[in-house]
Structures are given as C-alpha cells and as structure tokens.
Protein chains: 2
Amino acid sequence: MAATEESLRRNLAETLSAVESQGNSVKALKASNAPKTEIDAAIEALNRLKLEKSSIERELQSIVSGNGADSSVTREAFRQAVANTLERRLFYIPSFKIYRGVAGLYDYGPPGCAVKSNVLSFWRQHFVLEEKMLEVDCSCVTPEVVLKASGHVDKFTDLMVKDEKTGTCYRADHLLKDFCKDKLEKDLSISTEKAAELKKVLATLDDFSAEELGAKIKEYGIIAPDTKNPLSDPYPFNLMFQTSIGPSGLIPGYVRPETAQGIFVNFKYLYYYNRNKLPFAAAQIGQAFKNEISPRQGLLRVREFTLAEIEHFVDPEDKSHPKFFEVANLEILMFPREDQMSGQSARNIPLGEAVSKGIVNNQTLGYFIGRVYLFLTRLGIDKKRLRFWQHLANEIAHYAVDCWDAEIESSYGDKSGVALVAQEKFSEPREVEELVILPMKKELGLGFRGNQKNVVEALEAMNEKEAMDMKAELESKGEVEFYVCTLRKNVCIKKNMLSISKEKKKVHHRVFTPSVIEPSFGIGRIIYCLYEHSFYTRLGKAGDELLNVFRFPPLVAPFKCMVFPLVQNQKFEKVAEDISESLTVAGISHQIDIAGTSIGKRYAISDELGVPFAITVDTISSVTIQERDSKDQIRVKVHKVASVMTALTYGHRTWEDILEKKMGGYLVKLLSSLLRICR
Amino acid sequence: MAATEESLRRNLAETLSAVESQGNSVKALKASNAPKTEIDAAIEALNRLKLEKSSIERELQSIVSGNGADSSVTREAFRQAVANTLERRLFYIPSFKIYRGVAGLYDYGPPGCAVKSNVLSFWRQHFVLEEKMLEVDCSCVTPEVVLKASGHVDKFTDLMVKDEKTGTCYRADHLLKDFCKDKLEKDLSISTEKAAELKKVLATLDDFSAEELGAKIKEYGIIAPDTKNPLSDPYPFNLMFQTSIGPSGLIPGYVRPETAQGIFVNFKYLYYYNRNKLPFAAAQIGQAFKNEISPRQGLLRVREFTLAEIEHFVDPEDKSHPKFFEVANLEILMFPREDQMSGQSARNIPLGEAVSKGIVNNQTLGYFIGRVYLFLTRLGIDKKRLRFWQHLANEIAHYAVDCWDAEIESSYGDKSGVALVAQEKFSEPREVEELVILPMKKELGLGFRGNQKNVVEALEAMNEKEAMDMKAELESKGEVEFYVCTLRKNVCIKKNMLSISKEKKKVHHRVFTPSVIEPSFGIGRIIYCLYEHSFYTRLGKAGDELLNVFRFPPLVAPFKCMVFPLVQNQKFEKVAEDISESLTVAGISHQIDIAGTSIGKRYAISDELGVPFAITVDTISSVTIQERDSKDQIRVKVHKVASVMTALTYGHRTWEDILEKKMGGYLVKLLSSLLRICR
C-alpha cells in the first residue's frame with residue numbers, strides 16, 4: 001500500500017524540520033558543555049530522524065521517477081549506445097588496452113582530446129581571462145608533509161574489505177549496496193519490514209562507520225562476489241598514489257589528489273603579486289589522481305582526471321561583487337535547503353532574488369553560481385537537466401557557510417560536476433616545525449672574546465641533524481668539541497652558551513583571514529555529461545537504420561567542419577584542398593576526406609563525431625554547406641567558405657543569421673549602404 | 001704552449017675520420033663473426049681514438065670560447081639577473097616553498113603559466129592543426145608491464161653513490177665531474193700529464209660504466225662533499241617514480257617518464273582511425289616525471305615537466321613530403337656530421353640543399369626540421385643561438401637512421417630543446433605473456449558427456465592464479481577437484497583434459513612496420529631558453545638604474561598590454577575600465593592598474609613581465625600606446641584600442657605597420673579609396 005506523493009511530501013517536510021531542530025539541540029548541548037551521555041542521546045535521536053528522512057526521500061523518489069525497473073533498462077541501453085559511439089569514434093580508449101587495460105584509466109583519442117582542449121580553452125576564456133584570475137600550474141608530485149597538513153594522509157580513505165583467501169579487495173559500501181539493491185529487486189518474498197530495513201541501509205550507508213559496515217556485512221552474510229569466500233572486516237584504505245621523492249627513500253610523497261593545495265601553499269606569494277589586495281582569485285587546471293579501490297561507472301569514476309579549480313579570496317567584511325548585476329536576471333533551476341525542508345521541488349529562481357532573499361549567502365557566491373551556469377549551458381549542458389542543489393545547514397563542513405553543487409543529470413543518476421563552497425575562513429595558516437638556534441651572546445662573549453662572531457656564525461650554520469646531535473651531547477655531557485672552519489680549529493661549547501630547539505612556527509602571517517569561494521570543476525565528468533546531453537539518434541534516409549548524432553555546439557565540437565568532394569574528381573579534390581588550406585590559415589579545425597566512400601557514410605561519420613557543418617564540393621566555384629541537426633543547406637562561394645566558417649565558429653554569426661541573410665548577402669548589403677552614403 | 005686553433009682543427013678532423021673508419025672496421029668485424037679477441041682489440045682502438053677526439057674538441061672549445069673563467073663569471077651573473085627577475089615577477093616559484101621546497105619541483109606563477117599556455121596553444125596551432133595530427137591525451141599512471149616492454153624498468157637509470165655513514169645520495173658522474181673541474185681550475189700545480197688525464201675523464205665520463213666510475217672515484221680519493229665521509233661503489237638507480245595501482249599492492253606502476261608510450265600502445269587504434277593509411281602523425285602534450293638523484297641547473301633539470309611529442313608514421317618506401325617545398329628555402333644553422341668530421345663550424349644551409357645532398361636523410365625529416373625551426377624562432381628563440389646538430393653515424397641508436405638535436409644555447413651551455421629522431425622501423429610489436437587455457441575436447445567429452453560445455457566454460461573462466469594453481473596440482477597429482485558453478489557440483493579434472501600455459505604473444509599484427517619521425521619537445525627547457533634569449537637590461541630615465549626587460553613577441557607575452565590612467569582621476573579610471581572590458585571581449589589578455597604608483601614604476605613592472613604594449617589613458621577620448629622595446633608611441637582613439645590590439649596580437653599588423661600608417665589612417669585610406677570608386 002504505497003503512500004501518495006502528497007502525504008509523503010508532507011511527511012518529509014515534517015521530518016526535515018525535526019532533523020533541523022534536533023541538529024540545533026545537539027549544537028547547543030555541545031556549546032554548553034553538557035554531559036557526554038546527554039549529548040550522545042541527542043545525537044542518537046538525530047540519527048534516527050535522519051534515517052527516517054532518507055527513507056521517505058527514497059520512497060518519494062521511486063514514486064516520482066515512475067517504474068524503476070523499466071527506466072533503468074532504458075537508461076542502460078541509452079548509456080550503451082553513447083558508449084559504443086564514443087568508443088567507435090575514439091573519443092576515448094581504455095588505457096593500455098593492448099595490455100588488457102587498467103580499470104579506471106582512460107586515454108582521450110583525437111576527437112575526445114579536441115573536445116577536452118576546447119572545454120579547457122573556453123574555461124580559461126570564461127573564468128581566467130574574463131575575471132583576471134591568477135592562473136598557476138603546480139607540481140603533481142607532492143611531499144607528504146603538505147598532504148599531512150591538509151588532512152589527506154589521515155582522512156582521504158574509503159573502507160575496504162578483502163577476500164580472506166585470494167586477497168581481492170572490494171569497497172565495503174559497494175558490496176553492502178549491491179546486496180541490498182539485489183535483494184530488493186530480485187527477492188519478492190521478503191517482508192515489508194525487511195524491505196524497509198534494507199531501504200534504510202541504502203539511504204544511510206554513506207555515513208556508516210567501519211564498525212557499522214562490518215556488522216551489516218556479517219549480519220547479511222555477504223561474501224566475496226567472485227569466489228564466495230568469506231570477507232575481512234572493513235578497514236580504511238588511503239586513496240592516494242604513494243611514491244617516494246629522491247633517491248634516499250626518505251621523502252615520502254604522493255601524486256596529488258586535488259589541485260587546490262598548490263594554490264593554498266602559494267597564497268602569500270599570490271597575495272603579494274596582487275599587491276596585498278583583496279579580492280582576487282587564483283585558478284589552476286591540472287591532473288589529479290585517486291587510487292580508487294574498484295572503479296565503476298566508466299568515465300565518471302576514474303583514477304586519473306583533470307580538475308579546474310578556482311579559489312576566490314574575499315574580504316570577510318565585504319562579499320559584494322561589482323559584476324553581480326550581469327547575472328542577477330538569470331533564472332536558474334535551484335533547490336535551496338528551505339525548499340528541501342518544506343517538501344517542494346527544485347524551481348527556477350532569478351539569481352538576484354536568491355541573493356536578496358538570503359537563499360544564496362552572498363553576492364560573490366551568487367555571481368559564481370551564475371558564471372558556472374553560463375559556462376555549462378554554453379558548452380551544451382541541457383539547462384533542464386542542470387540544477388543547483390544546496391547542502392543542508394547541518395550537513396556542510398564546519399568551515400563552510402554555504403555550499404551548492406551544480407548537479408548534472410546523467411544515466412548514472414545525478415552527478416555533481418561543479419562544487420561551490422563558500423568558506424567563512426581560509427584554512428588556518430599552517431604550522432611547521434623549524435629549527436631554532438639561539439646563541440647566548442653574553443656567555444659566548446665571555447668564552448671567546450674576539451672570536452665570538454666566528455663561533456656564532458658557525459653555530460647558526462648547523463643543519464638540523466648537527467644541531468640536534470649537539471643538543472643531545474650537551475644535555476648528556478654538558479659540553480662539546482665544535483670545529484669552527486673560519487678559525488680552523490676546534491672550540492669547546494658549553495651548555496649555557498646556546499639554546500637549540502624545534503619550534504612550531506606559523507608559516508604566513510596575516511592581519512586577517514580572507515574568506516574563500518571555491519568552485520571546483522571535474523572536467524572529465526562534465527565532458528561525459530555533455531556527451532550524454534548531446535547524443536541523439538535519428539532515422540537514416542532509407543528509414544531502415546538508426547544513426548547516432550552528437551549535437552555539439554561549434555565551441556565544443558572536435559572539428560568545426562568536414563570538407564569533401566561530392567564525387568572522386570581531381571578538380572573537386574583540388575578545390576577541397578584549397579578550402580582546407582584556407583580553413584587552416586583561419587585556425588578552424590576540420591577534417592578533409594577525399595576517399596571514395598559514399599556521401600551517406602561520410603555524413604554518418606561526421607554526425608557521430610558531432611561535427612556541426614559539412615562542406616560538400618559539388619562545383620568548382622561554390623560549395624554546399626549543410627548544418628548537422630536541421631540538415632538545412634546553403635550555397636557559398638569557394639573564396640568565402642573560410643570567412644563564413646570563422647563567423648560560425650567564433651559565434652559572430654549563428655546558423656540562423658547565415659540562413660536568413662547569407663554571409664554574401666550581408667556583405668553586399670553593407671557595401672550598398674556605403675555606396676548609398678557616397679551618392 | 002697552447003696549440004693554435006687552426007692546428008687543433010686539422011688535428012680534430014684527422015681524428016674524427018680515424019674514428020669513423022675504425023668504427024666501420026668494428027662493424028665489419030662483427031658482421032663477419034670475427035673472433036672475439038680481434039673484435040675486442042678493434043673496439044679498444046676505437047675507444048682510444050674517441051678519447052683523443054674528445055680531448056681535442058675540449059681544447060679547441062676552450063680556445064674558441066676565450067677566457068673560460070671570465071666568461072663563466074659573466075654567464076653566472078647574467079643567469080642570476082634573469083632568475084631574480086623571473087622569481088620577483090612570479091614566473092615561477094619553487095614548489096612547496098613555504099615548506100622549504102623540494103629540489104627539482106617548480107610551480108609556474110601567473111605570468112609563467114600564461115607563457116606556457118601561449119607556447120602550448122601555438123604548438124597546437126603550428127603542429128596539430130596545421131598538419132592535421134591525431135592528438136591524444138593518455139594516462140600518466142602506467143602499469144609496470146608497459147615500461148618493462150619499453151626498456152624503462154631496466155635501463156632508465158643513473159649511477160649513484162651513497163655517503164656510507166649518512167646515506168646521502170649523489171650522482172656518481174656529477175661528483176667525478178666536479179672533482180676534475182675543480183682540480184683543473186683551482187690546482188695550478190698539477191702536471192700537464194695529470195691535466196690531460198683529467199680532461200680526458202671529463203670528455204668521456206658520460207660513457208663510463210659503473211665499474212669505471214667506481215675505480216676513478218677510488219683512485220682520486222673522492223669523498224662525500226657535505227660530510228667528508230667515504231662513498232659506496234656506484235650502482236644504478238631507476239629514475240622513475242614508482243607507485244602501486246589499486247588496493248591490493250599487486251599491480252606495480254609508475255608515473256610515466258615520457259609521453260611517447262601512450263602513442264605507441266594506441267598505434268593500432270590510431271592507424272584504424274586514419275583508415276589504415278600512412279603517413280599520419282599522432283601528438284601528445286602532457287606531464288612526465290623523472291626522479292632525478294640530485295637536481296641542479298634550475299628549470300633545465302627538473303623532476304616533473306611538460307613534454308610535447310610527435311610520432312609521425314611514414315611508409316618506409318616513401319618518405320617524401322608534399323609540403324617540403326614550403327620550408328626548402330629556409331637557411332638554417334646546421335652542423336652535419338660531415339662538417340664535424342672535417343673540422344668545420346656549423347653553417348647556414350638551405351634545407352632544400354641539405355635534403356638533396358643527402359645531409360638530411362629524407363624530405364619528411366627535413367620538413368620537420370624546418371617546422372621546428374619556424375616554431376622556435378616565432379616564439380622568440382634567437383636564430384643565431386639555435387643550431388641543428390647531427391649525431392655521428394656511430395653514435396646513434398641502432399634503430400635510428402638519422403638524428404638531429406635542435407640545440408638552443410643558454411647560460412648553462414648548449415641544451416637540446418627538441419630531439420628529432422628518424423627511426424628506420426617503428427619499434428617491434430611488443431610481446432606479452434598471455435594465459436592460454438586449452439581444453440582437450442575429446443577427453444572432456446569422454447569424461448563429462450552432456451555436461452562438457454559447462455565444464456569447458458568454467459575452465460576457460462579461470463583467472464591466472466587459479467589456472468596456475470591447477471596446473472601445479474595436475475602436474476603433482478595428475479587430477480584435481482574442480483567446482484563448476486553452473487552444475488553446482490565438483491567434478492574431477494584429469495591431467496590429459498586440458499593444457500595450461502603462458503605464451504608470448506605479439507600484441508599487434510601488421511603487414512609492414514612503418515618508419516617514424518619523432519620530434520620531442522621539452523616545453524619547460526624551451527621556455528627557459530626563451531627567457532634567457534628575451535632578457536636584456538637598459539638604463540632607466542634618470543640614468544642611475546638598470547631596468548630589466550623581456551622582449552617577448554605578442555604571441556608569447558603573458559599579457560598583451562597594460563592599461564593605466566596617467567593620473568589618479570575618476571574619469572580616466574572609467575576610461576581605463578571601459579578599455580579593459582573591450583579588450584576582454586576581444587579575448588586580449590591584459591592587466592589594468594589603477595593604483596597610485598608612479599608611471600615609471602608601472603613601466604618597469606610591465607617591462608619585467610615582458611608586456612609588449614602599454615596603454616596610458618591621458619585624455620578621455622584617446623590614449624597613448626607605447627611599444628616596449630623601441631619606446632615609440634602612437635595616439636589611438638579610445639574606441640579603436642581593442643581593434644588595434646587585436647591586429648597587433650594576432651599578427652595581422654606589426655607595430656611597424658601601425659607606426660607607418662596607424663590603424664586609423666589605414667581605415668581612412670580604405671574608406672577614401674571606396675569613396676573614390678564611388679565617385
């Protein structure tokens with residue numbers, strides 16, 4: 001007996017507000033240093049409420065998204081069609097495929113590489129150039145001390161279980177999730193209580209501790225899927241690729257798991273470069289690495305990926321943005337926490353209203369939401385399948401004041417392509433241990449008189465090991481022989497002549513700590529979603545074949561046009577080659593195809609590559625240009641092809657402009673108005 | 001008693017031809033399977049000749065480059081001036097500097113990052129787009145099996161010695177080199193024989209084996225420079241950063257030491273993508289990693305760097321190039337092996353002549369030499385400090401038919417920025433070990449009848465470990481229990497029922513092996529040389545200050561122009577901001593500076609950043625544009641600034657064009673000719 005959507009929504013709203021108020025009680029108890037038992041009880045109550053909330057959400061979800069099984073089959077078929085086209089056209093290739101590949105590693109083939117390069121160029125134009133950001137390019141290889149300070153060494157982990165006989169590793173939460181889903185979908189005999197329990201597990205397992213996961217795996221008798229062997233208890237596995245820097249093996253390091261650290265460690269130099277003024281933004285595009293336990297979900301969960309990250313540092317007292325008015329009128333599909341709490345759906349909200357009503361914390365964050373929206377939709381992300389989802393107040397990290405994810409819908413479910421975090425304070429200045437050698441001038445003066453300066457210099461020049469050895473010896477023996485090279489002799493250093501210590505030092509000193517807005521783009525995920533949003537099929541001319549098309553805008557398309565002679569013919573081929581050369585000079589990427597394949601086959605390849613325009617040489621003086629999606633055609637003189645393509649590629653003219661006036665007509669018009677002026 | 005330059009040259013020429021002829025004798029002996037003692041004797045004679053050759057070269061070098069000590073002081077001072085400017089303006093920052101840095105790792109700050117991005121964009125335009133190359137983007141993380149096949153696991157090493165007490169590591173050849181240089185420069189008492197010996201060591205140590213290096217280190221009593229402790233014997237240290245892929249720790253891997261492997265492992269897919277036709281080129285830009293033992297030479301020898309590599313595959317029967325005529329008339333400073341042998345210096349040779357005379361092996365290689373030359377000189381590399389140096393016939397690898405290095409002179413001495421190797425054959429198809437499970441149908445049929453199919457499927461599905469375990473058990477016991485899951489029971493497998501083996505398999509099968517031309521660009525090194533070639537100093541206005549300038553062409557410059565109001569004034573600032581906005585729309589990277597610093601200071605910063613044009617707002621209707629190197633100025637109307645800058649940036653107009661006619665004048669002229677036509 002399924003609940004109605006309405007009653008579920010009402011129910012969810014009530015539960016959400018209970019979660020919120022219980023969350024506040026917990027905070028209040030902690031703040032007032034209440035007894036631990038009292039706090040624990042309150043947390044337990046909060047967790048019960050969260051479970052309830054998630055269960056209702058899931059139930060509601062299943063009603064809203066209709067017949068789950070059917071739609072998952074359709075999704076799977078759609079995903080397979082996209083993947084087949086992508087692989088056939090070499091958008092990507094599993095890395096080291098001739099060696100049977102390595103899970104989670106993919107190479108971009110020529111069209112994929114071109115799409116990526118176009119996306120990154122546009123990102124640079126849209127963010128770095130437009131906002132005058134300070135772009136940096138930092139090392140991937142990172143010493144452990146940096147990632148210790150950032151918390152990655154201790155906390156960048158997933159919980160793992162091992163097949164006790166073969167040693168094969170699995171992500172513990174994946175096994176539990178698969179078990180619950182399987183049971184729910186395939187075992188119709190289970191009781192309603194059991195079903196509810198499994199659903200609760202599914203809704204909450206992201207927050208399970210190692211112990212909770214282990215207990216559930218035992219309780220359900222989950223075994224290794226490949227061998228049916230028993231499994232170990234779950235334990236954390238660090239997801240960074242570890243290595244060692246230099247030949248001694250003494251400097252542990254990693255290839256970076258994110259690019260942001262490169263910006264943070266250079267903060268003080270960038271701040272100085274910006275003449276010690278706020279606000280300013282730093283940006284970085286680069287590779288990051290994550291040693292996933294068992295990668296799934298194709299291009300969405302990989303072991304190596306390109307990130308584009310921005311850290312926009314602002315004065316905490318002034319988060320206004322001078323260009324906010326430029327995005328204030330954008331209507332964006334948003335899902336604010338208030339709406340989640342009151343059981344509404346995501347809705348279009350003008351950004352200006354979102355900021356003025358306090359839904360979005362401040363103008364600068366609002367400005368970035370608008371810019372991210374423009375970036376994604378201009379690439380070709382479907383704005384109806386893009387929503388900005390706000391984290392609940394009690395779910396965001398302690399340092400954040402507001403947090404929105406740009407969620408792009410794909411066949412795998414919602415995937416966050418861009419995370420926007422507004423931090424109240426830029427992470428604390430880091431502490432490092434520094435060697436401090438403090439000579440005692442008075443004692444040294446008494447001991448060495450005229451030679452004091454030489455002795456002090458030699459003492460201060462000691463490296464860490466020498467100094468710590470001396471400290472140990474002074475502590476045990478009270479004095480030590482010490483060679484002063486500028487005096488060319490040993491002197492006797494006494495314990496009271498200097499102090500040697502290691503001190504924690506703040507690395508950068510600032511009068512105040514800037515706030516920071518952090519938009520972080522997973523480029524590979526965005527590109528994958530773009531592939532799905534751009535893909536469609538249509539019937540071939542004969543009506544007996546389904547053809548695949550990517551509707552990439554010219555900005556993103558791997559090639560802007562294809563050039564081919566209608567028939568194999570030396571004159572036409574020469575014209576095609578001349579056109580190709582003029583396109584190259586104009587910087588328009590294209591392919592020329594003078595092979596003898598049928599024109600239909602060539603169009604099919606062009607469509608599968610997402611090429612927006614096909615130029616067919618069918619006379620020696622003019623050509624036919626066909627637009628991919630509408631199949632509309634225009635005739636253009638050979639010597640004007642490059643300028644028409646330039647206008648279409650760089651967005652000075654749309655296809656509609658060209659269709660209406662044609663470029664030629666446009667020029668004629670311009671000239672005739674000039675002539676009219678002359679008369 | 002120094003020999004004259006002339007006599008040395010004559011001497012060198014004779015020795016080189018002796019080396020060549022002795023090299024040929026060795027080859028002939030090997031080819032005829034002569035007795036080992038005879039071959040060894042001939043090799044020894046060859047080595048003696050090589051030593052002699054190197055010693056003469058070095059002597060000649062020291063005469064040619066004049067007073068060594070003085071010029072090295074100048075070079076050092078120049079290098080320091082460049083480095084100071086680069087660091088002050090944040091072209092680069094030692095990585096993790098706030099944690100005291102890691103040797104050999106550098107971050108690019110904003111201007112350095114912009115220069116790099118410009119260089120890579122131009123590389124894409126000049127090579128990938130212009131030549132329609134297939135660009136790919138492959139994983140950095142690479143499983144060991146791939147780098148085993150490429151030889152990196154065994155041979156990508158440097159020889160290392162350890163401080164026997166502290167464990168500090170040193171590159172063995174560096175210590176020996178430093179010792180010899182130091183002795184020669186500082187110990188004037190050594191005999192001429194000793195000096196000659198040290199020089200011989202310096203000239204030949206690149207070819208020393210571990211034993212030879214160890215013997216010299218012992219003989220000279222070389223000890224650890226920091227501690228004076230004794231040193232270990234030299235031993236090879238692998239220069240790859242090692243890691244482990246996946247959670248099991250069972251898949252050893254590395255971050256790649258070069259990008260070319262990514263192209264080779266994808267060869268068959270790319271060949272198919274190109275419709276199985278030759279020639280075609282694949283290209284890749286990406287990070288590569290080398291765990292240097294003790295990095296020196298600043299930005300020239302680093303542990304992480306960007307490579308841009310091309311593999312141009314050609315038919316070994318046809319190495320002509322249809323566009324060779326476009327570069328045939330370029331006169332390029334070349335140093336062919338014949339000239340090296342006959343004691344000449346490098347000289348300008350037209351490329352057409354170099355190919356027609358057989359100096360350069362084939363048209364395609366010649367074409368790439370021309371394109372590399374154009375690429376480097378358009379970036380701003382000084383063509384007088386760029387030469388193409390041919391490897392001697394007996395020095396190039398066995399698989400190469402010709403090999404040229406583009407050597408760019410820097411203060412560190414000649415550095416190869418681009419290596420061009422022409423391989424006769426693309427490296428052999430790789431062999432991999434593959435598990436082969438071969439069920440014996442007859443025996444299985446007899447044993448299992450109707451269940452045969454299930455048993456065969458289960459046997460074939462075994463993974464490597466299971467299969468090898470079964471093989472071992474069958475060999476020891478003759479039979480084994482085996483669970484067939486589709487039958488839900490154990491069956492008894494006998495030794496004669498299947499064969500299990502590991503077989504070497506060729507990974508790709510081709511009818512013929514293409515030749516390949518491999519231009520490989522070390523982007524960071526090229527950029528560093530570009531910095532040196534672009535740097536100069538000039539006197540400030542007052543004549544009491546030396547100002548630093550980078551003379552980057554607009555193509556490379558991190559910002560194309562600076563915009564500043566002459567004085568702090570709201571109207572001027574508004575104009576500056578309007579201009580900035582129009583530049584942004586036009587895609588022209590620039591900086592705007594409305595701070596109250598003096599105009600002189602702003603010009604100084606602009607020059608140190610290598611910005612080619614400074615736009616000073618000194619009225620509300622027009623501005624002054626000043627060119628960096630000539631300091632020539634023109635006046636331009638505010639609304640025309642963006643179009644003038646676009647023309648200058650994208651090379652439609654040079655500064656000279658603008659100076660002559662001015663953009664405004666140009667348009668007026670155009671219009672007036674139109675008007676004349678109208679009349």
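Just after helix α21(A), Gly651(A) takes a positive phi of about 75°. The model is predicted, so this angle, like every value here, is computed from predicted coordinates. The buried set is Val641(A), Ala642(A), Val644(A), Met645(A), Ala647(A), Leu648(A) and Thr649(A).

Now place that helix in the chain. The domain assignment puts residues 559-678 of chain A in domain 6. Domain 1 covers 5-66, domain 4 covers 157-238 and domain 5 covers 433-506. Two domains are built from separate segments: domain 2 from 121-138, 259-430 and 513-535, and domain 3 from 141-156 and 242-255. The C-alpha centres of domain 2 and domain 6 of chain A lie 38 Å apart.

Next, the backbone. Most residues other than glycine have a negative phi, and most peptide bonds are trans. Chain A holds exceptions to both. Asn33(A) has a positive phi, near 55°. Its place is the loop between α1 (5-31) and α2 (36-64) of chain A. Phe96(A) also has a positive phi near 55°. Phe96(A) sits in the loop between β1 (92-94) and β2 (106-108) of chain A. Their surroundings are another matter. Asn33(A) has 68% relative accessibility, so it counts as exposed. Phe96(A) has a relative accessible area of 5% and is buried.

The peptide bond from Leu278(A) to Pro279(A) is cis, with omega near -5°. Pro279(A) belongs to the loop between α11 (267-273) and β10 (280-289) of chain A. Chain B has a cis bond from Leu278(B) to Pro279(B), with omega near -5°. Pro279(B) lies in the loop between α11 (267-273) and β10 (280-289) of chain B.

How do the two chains relate? Two copies of a chain are related by a rotation about an axis and a shift along it. Here, a rotation of 179° with 0.3 Å of shift along its axis superposes chain B on chain A, at an RMSD of 0.7 Å. The two copies are thus related as by a two-fold rotation axis. In chain B, the C-alpha nearest the axis belongs to Thr243(B), 3.0 Å from it.

The interface follows. In it, 88 residues of chain B are in contact with 89 residues of chain A. Of the interface residues of chain B, 100% are also interface residues in chain A, so the copies meet through the same surface. About 7,300 Å² is buried between the chains, and carbon and sulfur atoms give 64% of that area.

The salt bridges between chain B and chain A number four. On the side of chain B that touches chain A, helix α4 (residues 110-129) of chain B gives the largest share, eight residues.

One of the salt bridges joins the side chains of Asp137(B) and Lys116(A), at 2.5 Å from N to O. Where does Asp137(B) lie? Asp137(B) is in the loop between β3 (134-136) and β4 (141-143) of chain B. With 14% relative accessibility, Asp137(B) counts as buried, because the cut-off is under 20%. Beyond four places away in sequence, Asp137(B) touches Tyr106(A), Asp107(A), Tyr108(A), Cys113(A) and Lys116(A) in chain A, and Gln284(B) in chain B.

Methods
Residues are numbered from 1 along each chain as its sequence is written. Chains are lettered from A and ligands numbered from 1 in the order in which they are written. This is a predicted model: local features need pLDDT of at least 70, side-chain atom pairs count only at pLDDT 80 or more; totals for chains, interfaces and linings use all residues. Side-chain values use heavy atoms; hydrogens and water are left out. Domain bounds come from an automatic or database domain assignment. Buried means under 20% relative accessible area, exposed over 50%, partly exposed in between (1.4 Å probe, protein chains only). Helices (H or I, at least four residues) and strands (E, at least two) are DSSP runs, numbered from the N terminus. Copies are superposed by least squares on the C-alpha atoms of residues with pLDDT of at least 70 in both. Contact means heavy atoms within 4.5 Å. Buried area is the accessible area (1.4 Å probe) that two parts lose on being put together, summed over both.
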